[in-house]
Amino acid sequence: CTGHVQSMMKDSDLKRDSGIPERVTLKKEIGLLSACTIIIGNIIGSGIFISPKGVLEHSGSVGLALVVWVLGGGIAALGSLCYAELGVTIPKSGGDYSYVTEIFGGLMGFLLLWSAVLIMYPTTLAVIALTFSNYVLQPVFPHCVPPYIATRMLSTICILFLTWVNCYSVRLATRIQDTFTVGKLLALGLIITVGLVQIFGGNYESLTPQVAFMFNKAPSIGQIALAFLHASFAFSGWNFLNYVTEEVVDPRRLETAAMSPEELLSSNAVAVTFGEKLLGMFSTLMPISVALSTFGGINGYLFTSSRLCFSGAREGHLPSLLAMIHFKHCTPIPALLVCCTATIVILCIGETHSLINYVSFINYLSYGVTIASLLYYRWKKPNLYRPIKVSLLVPVCYLLFWALLLGFSLHSDPLVCGVGLVIMLTGVPVYFLGVYWKDKPKCIYDFTEWATYLGQRVFFVVYPQIDPIEVAEWTDRSSFTSKASGPL
């Protein structure tokens, strides 16, 4: 027995000396600061610098655009409260996908996973990367749109670099997120400060009710709904901490007047136009700040979307190789590479504002299904322990707005919304062929096993080890009654 103990201690020392962790698993390296910067970094990615054009274009006036922004923020806040309850009730990485799979079953969860992996997150990453390259290149091409090839090449280089960072170290990725979030806040702080200076200086003609609500053409209900979809793109990211719940340390603790409308609509880079008009010799600060903001946004989206692939593979809905992590760095390298590849493919397809319409519709659809699962779970398991328990009025109000928004959007732009629905529904045959059908021919299983083994050898990845203590804690919590839960 003594010899066995000494042998185990020797192996432990060898692992420590070689840098191999004692237990190969996702590390809890996301503290309170990093958790906050993940949320801030994903919300303030690129949407706030892209969406103003789309919101104003569809709303038809400055005043109605401001109303859309305020209501959009309020709805996002209601949704975040619902996700806070789900996040601590079902403490699993994967966000919407994990909750819907747990509550509604495999098919519904797979459809969310399918649309997210196929279009939603690669497209969002592509939009942020294109925004990054446009703002970096805009000063080089001040009087024209940056060349197509140049923007795509720079976007691809940025995505490849940040993919390497996320493959190398979770801690390094979160440090980048923390640092570049400061750049985002500086950019927004600069815009807000200059805007306030203009307002107090008397330059607020566009904000007076007579001018602000002056329409060249009265917008339809459907156009207003599309304006909300563009605003929702800017606010998206408020649910992303739920994708990395298992890597959070103690997750229960967390949970423009200066530009004319015509200038905003004609601008290819809103923040650059803003800086050139109002910052004079300091105008170069604006594209630099936005570039820092979008760079951090790409990092945040890569970090969180790869955990969605990881969670899907762990549930058996994606190839098992995607559920493996590097034996030394403990990062989900195969999942990161899938996200990187899908994004680079999307980069070569579509125009930014069209892509936003597709993504926003699918985003809102998945949000609504997830929040509906909260209500169903309350009815199905009323006594389940819930550290956070929101008032039923919160999810009900969100779902009412959600139904109206999607209905009017579908009526106004049936092609874009219809394509989004078709993309999601193509996952049905894939689910039944790839997941539900268990008695596949032996040659398929042999090929899958060979490909998985090859991937393990190429990427040095293994299945993560499950901590039995954490599993026991989660099981014990689920057996508690909800007496300790109070309304939020």
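Q: Hi! Which side chain does K442 meet in a salt bridge?
A: That would be D446, with an N to O distance of 2.9 Å. Bear in mind that this is a predicted model.

Q: Is K442 buried or exposed?
A: K442 counts as exposed, at 61% relative accessibility. D446 is partly exposed, at 35%.

Q: What span should α19 have?
A: Helix α19 covers residues 442-459, and its 18 residues at 1.5 Å a residue should span 26 Å. The end C-alpha atoms are 26 Å apart, so the two agree. Just after α19, F460 takes a positive phi of about 55°.

Q: Nice. How many salt bridges does the structure hold?
A: Three. E85 meets R378 at 2.8 Å, N to O, and E85 also meets R386 at 3.4 Å. Those salt bridges link E85, R378 and R386 in a network.

Q: Are E85 and R378 buried or exposed?
A: E85 is buried, with a relative accessible area of 0%. R378 counts as buried too, at 14%, because the cut-off for buried is under 20%. R386 is also buried.

Q: Changing topic: where is I362?
A: I362 sits in helix α15, residues 352-380. I362 is buried, with a relative accessible area of 1%.

Q: And what is I362 in contact with, leaving aside neighbours within four places in sequence?
A: S115, I119, M120, G420 and M424. The C-alpha atoms of I362 and L421 are separated by 7.5 Å, though these residues are 59 apart along the chain.

Key: Residues are numbered from 1 along each chain as its sequence is written. This is a predicted model: local features need pLDDT of at least 70, side-chain atom pairs count only at pLDDT 80 or more; totals for chains, interfaces and linings use all residues. Side-chain values use heavy atoms; hydrogens and water are left out. Helices (H or I, at least four residues) and strands (E, at least two) are DSSP runs, numbered from the N terminus. The expected span of a helix is 1.5 Å times one less than its number of residues. Buried means under 20% relative accessible area, exposed over 50%, partly exposed in between (1.4 Å probe, protein chains only). Contact means heavy atoms within 4.5 Å. A salt bridge is a side-chain nitrogen of Lys or Arg within 4 Å of a carboxyl oxygen of Asp or Glu.
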